[in-house]
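Hello,

Here is the structure we talked about handing over. Please open it first; my notes follow below.

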Amino acid sequence: MTVASVVVVGGGVAGVSTVAELRKAGYAGELVLVSADAVPYDRPPLSKEYLAGGRDLESIALQPSQWYAEQEISLVGGAVAVAIRPDTGEVELDDGRLLAADKIVLATGGRAARPAVGAPSHVLRDVTDADRLRTSLVPGARLLIVGAGLIGAEVASTARGLGAEVVLVDPLDPPLAAAVGVEAARWLHGLHADHGVEAVTATVETLLETPTGVAAQLSGEPDSREFDAVLLAVGLVPETGLADAAGLETSRGVLVDAGQVASHPSVLAVGDCARLRDHHRAEHWEAAQLDGVRAAATILGTEPPPAAAPWWWSDRYGLHVEGVGEMRSPDAMHQNVVRGVLGEPPFSVFTLHGERVVGAVAVDDPNAVRAARRMIDRQVDVRASDLADTTQNLRKLL
Amino acid sequence: MTGNTGNGGNSTGIRVASVDDIPEGEGIAISSDVTGTEDDIAILRDDDGTCWALNDTCTHETASLAEGWVEEGDVECPLHSSRFNLKTGKVDGLPATRDTVPHRVEVRDGEVYLFPGERP
Ligand SMILES: Cc1cc2nc3c(=O)[nH]c(=O)nc-3n(C[C@H](O)[C@H](O)[C@H](O)COP(=O)(O)OP(=O)(O)OC[C@H]3O[C@@H](n4cnc5c(N)ncnc54)[C@H](O)[C@@H]3O)c2cc1C
Ligand code: FES
């Protein structure tokens with residue numbers, strides 16, 4: 001059956017990439033993007049330049065507003081899909097409208113996890129959150145950040161830039177070891193103290209509202225501490241409500257196959273709301289974008305691009321951090337090779353499994369990660385000594 | 001706007017480098033003081049050895065494309081990996097959405113000549 005109508009629910013990078021790729025590949029049928037936001041915008045700046053006040057909403061749009069009309073994409077902005085009915089090919093909106101859809105693509109992203117705490121607290125997932133958080137980031141304000149993952153660390157850096165006093169608490173020491181390897185994680189975490197952030201290894205036992213702010217009891221401390229504001233940066237809950245209600249299989253995400261197809265053949269899911277069966281979700285920008293590319297190929301019955309090692313970036317204290325693939329702790333099978341001097345950017349660390357690169361992380365050395373990515377995807381054999389030798393051009397090893 | 005000043009429209013172009021100074025797959029930035037254009041210009045050498053020129057500043061944020069990864073007709077931005085076509089300046093990959101400006105380059109006797117503001 002040829003597909004005559006596609007409705008994409010959710011205007012994050014995954015949804016926008018799906019509609020863009022469909023048109024790029026020549027799909028000429030009905031194409032609707034339902035977006036809770038008036039104009040879809042990009043999320044990475046929300047913890048960086050947007051939060052710092054250096055960029056506005058228009059400058060973080062995923063596409064210029066006229067692009068949707070140019071591409072003949074019906075952007076239904078400010079609307080929420082309340083139900084999908086794959087058997088009859090319908091998507092229902094909050095204003096009662098019914099959209100016909102031969103294929104439904106769920107691109108609903110996720111919500112910031114919000115553990116029940118006894119005090120008002122911030123999370124950071126959308127522009128409303130960012131606008132609200134920014135009002136708390138004034139010089140001298142005491143901010144507690146719970147969770148020192150990528151987003152917690154970025155906000156710590158931005159908040160310092162705005163003059164706030166920051167305490168960053170995480171039970172892991174160091175945080176992010178799984179993402180960047182323990183050596184780089186320790187150094188990256190150490191940057192917080194260098195920039196005047198107090199990084200504490202602890203859990204938050206209680207958060208209580210006080211007349212002047214929030215009292216936080218951290219594990220192992222005799223007394224609670226006073227803060228003006230609290231940010232919970234403790235992870236993402238994938239938005240699977242529409243899929244659950246439609247009886248689709250979900251488990252920490254809408255379960256999909258390698259072509260992004262969910263458990264009903266008319267439904268696909270992409271980005272942070274989806275999870276490839278038996279895999280972890282990447283929860284990074286590019287993974288969401290590539291899901292859209294794959295979904296478009298599946299809908300059009302064309303060959304999707306080959307799977308690529310997951311890639312991400314993050315910025316803190318003016319340093320640009322990138323990672324690709326999977327970093328491992330050294331063991332009988334794996335060794336970690338430092339290129340340059342760990343702690344003196346630019347440098348990078350590679351995880352080698354035998355003679356194959358499986359992961360890399362770089363600080364201010366993005367082309368090391370671009371090389372590593374190609375080594376992983378093309379399954380190139382390399383020697384540890386060549387990776388470590390900074391006079392060796394990594395491209396020559398490909 | 002990429003207007004030409006002093007050197008613009010120059011029939012022989014501005015000599016900016018020797019080809020051998022630019023490894024295949026890499027680039028160098030030529031300052032706007034030299035090019036007379038608003039932005040610096042990146043001279044980018046593809047992996048087949050050919051040379052191309054684009055405005056240096058990525059249209060997404062502020063990265064220098066001369067520090068990018070050049071391969072198979074595209075340069076990949078060093079910050080968020082947007083790709084731009086070396087010949088046309090067109091965006092070949094998000095997050096950038098605005099095309100950049102290509103400039104003409106010519107290689108004569110192993111020297112790279114740049115024609116700021118002229119289309120390739
Ligand atoms: C603060 C922050 C900083 C980040 N920084 C980086 C970074 O530096 N590098 C990196 O690689 N990644 C980063 N990420 C991760 C990256 O932004 C996400 O992986 C990406 O946004 C996922 O895209 P998505 O389209 O799947 O979901 P989302 O971006 O969450 O988009 C989903 C959209 O769907 C809408 N929606 C949900 N339900 C409905 C409905 N029923 N009807 C209509 N609309 C609906 C939502 O409102 C939302 O707009 C960051 C994320 C955040 C929050
Ligand atoms: S600055 Fe070039 S892609 Fe973001």
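This is a predicted model: local features need pLDDT of at least 70, side-chain atom pairs count only at pLDDT 80 or more; totals for chains, interfaces and linings use all residues.

**Around ligand 1**

- Asp37(A): an N or O atom of the side chain sits 2.8 Å from an oxygen atom of ligand 1.
- Val13(A): here a backbone N or O atom is 3.2 Å from an oxygen atom of the ligand.
- Ala36(A): again a backbone N or O atom, this time 3.3 Å from a nitrogen atom of ligand 1.

On its own, ligand 1 has 1,000 Å² of accessible area, and the protein covers 92% of that.

**Elsewhere in chain A**

Arg370(A) belongs to helix H10, residues 366-377 of chain A. Is this arginine buried or exposed? Arg370(A) has a relative accessible area of 1%, so it counts as buried, the cut-off being under 20%. Trp67(A) lies 303 residues from Arg370(A) along the chain, and their C-alpha atoms are 30 Å apart.

**Chain B**

Chain B has one helix and 10 strands. From the N terminus, the order is β-β-α-β-β-β-β-β-β-β-β. The C-alpha trace spans about 35 × 30 × 20 Å along its principal axes.

How does the radius of gyration of chain B fit a compact globule, and what is the value? A compact globule of 120 residues would have a radius near 14 Å; chain B has 13 Å, so the two agree. Of the 120 residues in chain B, 51% are buried.

Two cysteines of chain B are in that buried class. Cys51(B) is buried because its relative accessibility is 10%, and Cys58(B) is buried because its relative accessibility is 5%. A disulfide would be a covalent bond between the sulfur atoms of two cysteines. How many disulfides does the structure hold? Over all chains, the count is zero.

Best wishes

Terms used: Residues are numbered from 1 along each chain as its sequence is written. Chains are lettered from A and ligands numbered from 1 in the order in which they are written. Side-chain values use heavy atoms; hydrogens and water are left out. A disulfide is a pair of cysteine sulfur atoms within 2.5 Å. Buried means under 20% relative accessible area, exposed over 50%, partly exposed in between (1.4 Å probe, protein chains only). A polar contact is a pair of N or O atoms within 3.5 Å; within protein, one must be able to donate a hydrogen and the other to accept it, and residues adjacent in sequence count only if both atoms are side-chain atoms. Accessible areas come from the Shrake-Rupley method with a 1.4 Å probe; for residues, only the protein chains shown count as cover. Helices (H or I, at least four residues) and strands (E, at least two) are DSSP runs, numbered from the N terminus. The radius of gyration is taken over C-alpha atoms; the globule rule is 2.2 Å times the number of residues to the power 0.38.
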